[in-house]
Amino acid sequence: MYQVLYRKYRPKVFSDVYGQDHVTSTLRNEIENSRISHAYLFTGSRGTGKTTCAKILAKAVNCENPHNGEPCNECETCRGLDSGAIYDVVEIDAASNNGVDNIRDLREEAKYTPSRCKYRVFIIDEVHMLSTGAFNALLKTLEEPPEHVLFILATTEVQKLPATILSRCQRFDFKRIQPETMAERLSEVSELEGITLDSDAAVLIARIADGALRDGLSILDQCAGRNKHITSALVSEVAGLAGKEAMYKISDCIASHDTNEAINVVSSLYENSFDMERLCVEMINHYRNFLIVKTVRKSREIVICTDDEYEAMKLGAQKYTLEGIIYALDMFQDTLVRIKGGSTARTEIEMTVVKLCEPKMNENITALLERISVLERAVKNGIQVNIPTAEEPKAAENKEAQKKEEPYYVEEPSEVQPPEKEEKEEEAPPVPQPQPEAVPQPEEAKSEPEKTQVNVPFKQWGEFIDELKRLDITLFGILNDARAFERGDVFIIDSPNPTIKDFIQKNHSARTIKQALYNITGKKYQLRLSKRKTDEETSRDPLAGLMSKAQGIVDINLK
């Protein structure tokens, strides 16, 4: 008969147990130094190795030739316990033997000495299922058992145990197995079974298993039944998950308030038999990753994913405010509760997506805070929203096209003429005999741009340089000793670093700077470099030379 993977590869010694070194090392030392307790309590979530360690401990205390606290698995006692031929180790399921009479029978059985082993070991699994009377009946025996008796209690809900039981046991807490550790174990098992397991598929299985190695091996077993080459797409299909692309589509639609497209994505998933409750759980995990990326500096160490997926997470998180992410998390958490309560899963998901795409429809505190956060950010950065009239759309389209054609960085001369002046001079007809007294109107037209086109020091330079450090540490080093000005929607960088031009003219660097500016100000800037005056030009103006020594750079002068 075929044996499932989690039973076939169940550890037989402590060194084979993954992710629980804090437990196994202590147990080995106690056995090696003959400091064995009379009662142990193993707690932790499902699939973390509690029952496995209990069985290994039962063998180790009875082994005829233990080595460094490990059972040899070769002596007659170890083989008999593995095969079930020796009955001195008793495993009891407290879920089905939870009455007072069952515990009384156990107490009577504990009086008898072991037949072939040193200890009689009673492993009580899911001990929290015992009734109050059964706990009371167990207390005295658990506190002072016969010398040949050892109790090992295992539970997933330690908070349900009475304090009188906890105080009589040596407690060990089993941790959830880390995804990278589980992925390593899955790869080893796959290699032994002749299965090709992609690295991203192993990470996905580990994420779905949620710290339970038994669940991870079960998913691997199920995927191997479909195909010997296991990919992340196959894992998503077998586990009934919505693909990563679908989750990013939904979150992007919510960020852009595109209700129509978001509902279409949900409908497509439903038609392809994706479980709506599972979709809700995946969206919670999705926004949780956004939350970690948004708030934790070393988020790469916390979020378990591939490098490409991590970059996608960072881009997705930038489209939200922190309040917006928390609002979406709250909405999906409430939706999951309603689905588990019996509500129609598809309808609940669609209602949640609509509310997230249309925040004004929801009047709870979290939604209002998210909307206020957006308004505060706009007010802080002085953003004005201009709604084009019916006569302006064509001009707006031409302006947008002109922005797309414009290079990221153009070297700014030290003497800059306003663009309005140049247009006036090109449109003016040639005059054979120029007379300055006859052209007062162009002078007035020239003075107006001079008043508006003024370089203003960029007041948020500190915030900008911190954001740039987070996005690109190299650019941060290049621009750290620079300063900046703004003129309308033009961002002018003035730096003494001679390598600044080579770095800035790279498209990737330009996009990074624009992204940092947008994250801080919410505005889209055109980028310029300030051209520094030469020594010869500086020497012509003694005052400019003194200012250069005082400030370290020459100010940009617009005329």
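**Strands, loops and cysteines**

Guide: In this predicted model, strand S1 (residues 39–44) and S5 run parallel and are joined by five bridges.

Visitor: Which residue in S5 is the bridge partner of phenylalanine 42?

Guide: S1 and S5 are parallel strands joined by five bridges. In S5, the partner of phenylalanine 42 is phenylalanine 172.

Visitor: Which are the edge strands of the open sheet of five strands?

Guide: The strand order is S2-S3-S4-S1-S5, and the pairing is parallel. An edge strand here pairs on one side only, and this holds for strand S2 (89–93) and strand S5 (170–174).

Visitor: At what angle does helix H6 run to S4?

Guide: Helix H6 (residues 132–143) lies across S1, strand S3 (120–125) and strand S4 (149–155). Its angle to S4 is about 130 degrees.

Visitor: Is cysteine 75 buried or exposed?

Guide: Buried means under 20% relative accessible area. Cysteine 72, at 22%, is partly exposed. Cysteine 75 has a relative accessibility of 6%, so it counts as buried.

Visitor: What is the phi of asparagine 68?

Guide: Most residues other than glycine have a negative phi. Asparagine 68 sits in the loop between helix H3 (50–62) and helix H4 (76–83), and is partly exposed at 44% relative accessibility. Although it is not a glycine, asparagine 68 has a positive phi, of about 55 degrees.

Visitor: What is the phi of asparagine 73?

Guide: Asparagine 73 lies in the loop between H3 and H4. Its relative accessibility of 22% makes it partly exposed. Asparagine 73 is not a glycine, yet its phi is positive, at about 60 degrees.

Visitor: Is isoleucine 195 buried or exposed?

Guide: Isoleucine 195 is in the loop between helix H8 (179–193) and strand S6 (196–197). Beyond its neighbours within four places in sequence, it contacts Ser190, Ala224, Lys228 and Ile230. With 8% relative accessibility, isoleucine 195 counts as buried.

Visitor: What separates the C-alpha atoms of isoleucine 195 and histidine 229?

Guide: Along the chain, isoleucine 195 and histidine 229 are 34 residues apart. Isoleucine 195 is in contact with Lys228 and Ile230, among others. The C-alpha separation of isoleucine 195 and histidine 229 is 6.2 Å.

Visitor: How many residues of strand S13 are buried?

Guide: From S13, Gln526, Arg528 and Ser530 point one way, while Leu527 and Leu529 point the other way, and all are buried. Strand S13 (residues 526–530) is therefore largely enclosed by the rest of the structure, its buried residues being five of the five.

Visitor: Which residue in S13 is the bridge partner of phenylalanine 491?

Guide: Strand S12 (residues 490–494) pairs with S13 over four bridges, in the parallel sense. The bridge partner of phenylalanine 491 in S13 is leucine 527.

How values were computed
Residues numbered from 1 in each chain as written. Predicted model: local features only at pLDDT ≥ 70, side-chain atom pairs only at ≥ 80, totals over all residues. Heavy atoms only, no water. Buried < 20%, exposed > 50% of the residue type's maximum accessible area, 1.4 Å probe, protein only. Helix = DSSP H or I, 4+ residues; strand = E, 2+ residues; numbered from the N terminus. Pairing = 2+ DSSP bridges. Contact = heavy atoms within 4.5 Å. Axes fitted to C-alpha atoms, helices over the stretch in contact; angles between N-to-C directions.
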